[in-house]
Amino acid sequence: MEAITPDLSRLDTRRRRIYYRATHRGTHETDVLIGGFVAPRLETMTEAQLDALEAVMDLPDADLADWLSGRRPVPAEVDTPMMREIMADATDPARLAAIRGGR
């Protein structure tokens, strides 16, 4: 699985800002997990999906890393459909193999 980078020239300002935030989270782990989820989907996301994504991205980086890696369960108050989509992507076996370099 190859890393996907959206064509930033085709994105509006909001989507470019979201892409930057998703790939520059503060820790490499969340850059890979959140950025890897966002990149292939960003161009086709609806405004409602973008709102939901931004709400997840507003959560503390350390908490996101723990939840997405399975170190801690996702609390009910942040267990939204968007969080579940990101979790499913983060735990997808093909995605994990690609992150680990095919190991």
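Q: Which side chain meets Arg 14 in a salt bridge?
A: Side chains of opposite charge can pair when their charged atoms come close. A salt bridge here is a side-chain nitrogen of Lys or Arg within 4 Å of a carboxyl oxygen of Asp or Glu. In this predicted model, the partner of Arg 14 is Glu 47, at 2.6 Å, N to O. Glu 47 sits in helix H3 and Arg 14 in helix H1, 33 residues apart, so the pair links distant parts of the chain.

Q: What conventions sit behind such values?
A: Residues are numbered from 1 along each chain as its sequence is written, and side-chain values use heavy atoms, with hydrogens and water left out. The model is predicted: local features need pLDDT of at least 70, side-chain atom pairs count only at pLDDT 80 or more, and totals for chains, interfaces and linings use all residues.

Q: Which other arginine side chain meets Glu 47 in a salt bridge?
A: Arg 15 does, at 3.8 Å, N to O. Arg 15 belongs to helix H1 and Glu 47 to helix H3, so this pair ties together parts 32 residues apart in sequence. Arg 15 is buried, at 9% relative accessibility.

Q: Which residues do salt bridges with shared partners join into one network?
A: The network holds Asp 12, Arg 14, Arg 15, Arg 17, Glu 47, Asp 51 and Glu 54. The structure has 15 salt bridges. Another of the pairs is Asp 66 with Arg 72, at 3.5 Å, N to O. Arg 72 is partly exposed, with 35% relative accessibility.

Q: How many helices and strands does the protein have?
A: Read them from DSSP runs, numbered from the N terminus: helices are H or I, at least four residues, and strands are E, at least two. The protein has six helices and zero strands. Its radius of gyration is 13 Å, close to the 13 Å that the globule rule gives for 103 residues, so the protein is as compact as a globular protein of that length. That radius is taken over C-alpha atoms, and the rule is 2.2 Å times the number of residues to the power 0.38. The C-alpha trace spans about 35 × 35 × 20 Å along its principal axes.

Q: What share of the residues is buried?
A: Buried residues make up 37% of the 103.

Q: How many residues are in the largest nonpolar core?
A: A nonpolar core is a set of buried Ala, Val, Leu, Ile, Met, Phe, Trp, Tyr and Cys residues joined through side-chain atoms within 4.5 Å. The largest one has 25 residues. Those with the most contacts inside it are Ile 34, Val 38, Leu 42, Leu 53, Leu 68, Met 83 and Ile 86. The elements giving two or more residues are H1 (13–23), H2 (28–38), H3 (47–57), H4 (61–69) and H5 (81–90). H5 gives the most, with five residues.

Q: Which residues of H5 are buried?
A: They are Met 82, Met 83, Ile 86, Met 87, Asp 89 and Ala 90. These residues cover an arc of only 160 degrees around the axis, which puts them on the same side of H5. The arc is that of the directions from the helix axis to the C-beta atoms.

Q: What does Met 83 touch?
A: Contact means heavy atoms within 4.5 Å. Leaving out residues up to four places away in sequence, Met 83 touches Val 56, Leu 59, Leu 64, Trp 67, Leu 68, Val 74 and Val 78.

Q: Against which helices do the buried residues of H4 pack?
A: They pack against H2, H3 and H5. The buried set in H4 is Asp 61, Leu 64, Ala 65, Asp 66, Trp 67 and Leu 68. Just after H4, Gly 70 takes a positive phi of about 85 degrees.

Q: Which side chain does a polar contact join to Thr 30?
A: A polar contact is a pair of N or O atoms within 3.5 Å; within protein, one must be able to donate a hydrogen and the other to accept it, and residues adjacent in sequence count only if both atoms are side-chain atoms. Here the partner is Asp 61, at 2.8 Å. Thr 30 is found in H2 and is buried, with a relative accessible area of 0%.

Conventions
Buried means under 20% relative accessible area, exposed over 50%, partly exposed in between (1.4 Å probe, protein chains only).
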